[in-house]
Structure formats: C-alpha cells, structure tokens
Amino acid sequence: MSLITKTVESRILGKTMNLSVYCPDGYEDTDLPVLCFLHGRTGDERLLQQLGMDRMADRLMKAGEMEPLLIVCPNMDNSRGINSSDEYGEISGKYGIVHKGRYADYLVEEVIPFVDRAFHTVRDRRGRYIGGISSGGYAALHIGLRHQELFSKIGGHMPAIDLSYAEEDECYFADEAMWLKYDPVSIAENAVFDDVKVFLDDGRDDEGQFYRACEKLFLILKQKGVDVQNHLFEGCHNGEYVISHMNAYLRFYGN
C-alpha cells in the first residue's frame, strides 16, 4: 500500500490545501471506490496515519474482509465543512482559530474532481462515500445528506451535532438560520432519500452527549426508509474511541 500526500491549489479558498490518500496494492490497475474521510476540529490530513486507518484497511483488504478502495483525507481546517463566508479568513473563537470560507464548496467542487483526475476512481455515487469523526462527522453528514447525487454511503462517527443553537456556535455561523441550514437533523427532516446507506455511532460516555442527536437523526432516517444503523458503543469522545471501532467503520464502507 501507499500513502500519498497531494496539494490542491484551491481557487475557492484562495490557498494551497493538503490531502492524504491511502492507496491499496494494485490501485493503478483498476478503478476503485473512494471514501472521503474528514478529520475533527483540531485535526488535518494526517488523520489516516494518526488513527492507523491506513494500516487497518490494508489488513482487512489483504484478508478479503473488505473490498479495495481509496481513502482520501482532505485538510478542512477548523471549518465544520460549511460555507461560512464568501472569502477565506480566520477568527478567534472559543475553541481556537476558526477558519471561514466556502469549505463545503471546496470539498464538492474541487476535492472530488481533483481525486477523480489524479487517480483511477469509480466516478459516480455508487463508488463514492463520505464519513468523518467529531466535527468531521458532522461535516460528512450535512454534506452527504445534501449531496446524495454524489455519495451512496455516509458515516458520522461520534458526530459533533448539537440539538440546539448555542452561543459558542456564533464563531462558525452568522445566525441560527445558517446553523439550521447545516444541521444534519434539519436536513434529514426536509430531504427525500433513495438508495443511500448511513452509519451513525457514538460512545455512551461522550462528553458532548452527541448520542442524543444520533438517536434523533436515526429515527428520522429510519422513518423515511433509509438503510441506517446507529450504534452506542463503549467509550468517550476521543481518538481511542475511534480507533477501537475503526474495524466496524471500514467494513461499512468496504462491503
């Protein structure tokens, strides 16, 4: 296997952005599905190595326990994957530097086409998946649920979804209306679904109690006939939790 770092000269953000790509053995010989996996608030494109996701995927693929796929981890800064501003900028928030800009557009309009040009990929929704952890799980859900024409599998792993607008959200969102626009629960309530699979999970000791939003989202999607699963595993909101359940995540995307 190979782990490749690429740079994207983003017209939308007006700066150079990194992404890491896990490539299984033989990736140059056939068109492969692509999993776009998004990091949390303090992470970056190095998430694949930090979680050991590349090594676990390699073991599962070699054992025949998941199908070969490319895993792409783009740097999304501390943005929550939203279109928060027409122009790129940085502000100081409760949780450190917050990056403003058209990050949802960056992923959809620049990252996906870049990967399709640079690698042999399955270039339609049947072979394109999106997932992430914490705020990256939140981003994967609001982007995936809104863009079902692009993704057939969506995963939110301990996704940082709040059930109401809070003061600390103001560093990301201009107002409650913008917050609602990107809220995965609100998106699900107003969406029509067809042939999409969703995986939700959280730890029963998650400090943010994001399992409450997972349960609410699960019930909405289930009522609408979506092939959705929701898991309440042991663990807190940290890297150890994600690593301990990475096997289940990869099996979801790779089967």
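## Before you start

Because the model is predicted, local features need pLDDT of at least 70 and side-chain atom pairs count only at pLDDT 80 or more, while totals for chains, interfaces and linings use all residues. Residues are numbered from 1 along each chain as its sequence is written, and side-chain values use heavy atoms, with hydrogens and water left out.

H4 has 12 residues and spans 17 Å from its first C-alpha to its last, close to the expected 16 Å; the expected span is 1.5 Å times one less than the number of residues. Of the 12 residues, 11 are buried, leaving H4 mostly covered. Here buried means under 20% relative accessible area, exposed means over 50%, and partly exposed lies in between, using a 1.4 Å probe and protein chains only. Among the buried residues of H4 are Ser135, Tyr138, His142 and Leu145.

Helix H2, residues 53–62, is mostly covered too, with seven of its 10 residues buried. Those seven are Met53, Asp54, Met56, Ala57, Asp58, Leu60 and Met61. Just after H2 comes Gly64, with a positive phi of about 75°.

## The largest pocket

Where is empty space left? Rolling a probe the size of a water molecule over the atoms shows it. The search uses a 1 Å grid over the protein atoms alone: a cavity is a set of points where a 1.4 Å probe fits but cannot get out, a pocket is an open set with protein on both sides within 12 Å along at least five of seven lines, and lining residues have an atom within 4 Å of a point. Grid points are joined across faces, edges and corners, and a volume is the space filled by probe spheres set on the points.

The largest pocket has a volume of about 680 Å³. Its lining is made of 29 residues, with Arg41, Ser134, Ala160, Phe210 and His237 nearest the centre. Helix H7 (211–223) and helix H8 (239–244) are the elements that give two or more residues to this lining. By class, the lining holds 12 nonpolar, 11 polar and six charged residues; Ala, Val, Leu, Ile, Met, Phe, Trp, Tyr, Cys and Pro count as nonpolar, Asp, Glu, Lys and Arg as charged, and the others, Gly among them, as polar.

## Enclosed cavities

The count comes to three cavities of 30 Å³ or more. The largest holds about 100 Å³ of space, and its lining includes Val34, Cys36, Val111, Asp116 and Tyr129. E3, H3 and E7 each supply at least two lining residues, and H3 gives the largest share, four residues. Eight residues of this lining are nonpolar, two polar and two charged.

About 80 Å³ lies in the second largest cavity. It is lined by 13 residues, and His39, Met76, Asp77, Arg80 and Gly81 are the closest to its centre. H4 provides the largest share of the lining, three residues.

## Aromatic contacts

The whole structure contains seven aromatic pairs. Rings of Phe, Tyr and Trp (its six-membered ring) pair if their centres lie within 6.5 Å, with planes under 30 degrees apart counted as stacked, over 60 as edge-to-face and the rest as tilted. Tyr27 and Phe119 form a tilted pair because their ring centres are 6.4 Å apart and their planes meet at 50°. Tyr27 lies in the loop between strand E2 (15–23) and strand E3 (34–38) and Phe119 in the loop between helix H3 (103–118) and strand E7 (128–133), so the pair ties together parts 92 residues apart in sequence. Tyr27 counts as buried at 17% relative accessibility, and Phe119 counts as buried at 5%.

Tyr172 and Phe173 also make a tilted pair, with centres 6.4 Å apart and planes at 55°; both residues are buried. Elsewhere, ring pairs link Phe199, Tyr249, Phe252 and Tyr253 into a cluster.

Which rings does the charged end of Arg80 sit over? It sits over the ring of Tyr138, 4.0 Å from the centre, and over the ring of Tyr172, 5.5 Å from the centre. A charge sits over a ring if NZ of Lys or CZ of Arg is within 6 Å of the ring centre and within 35 degrees of the ring normal.
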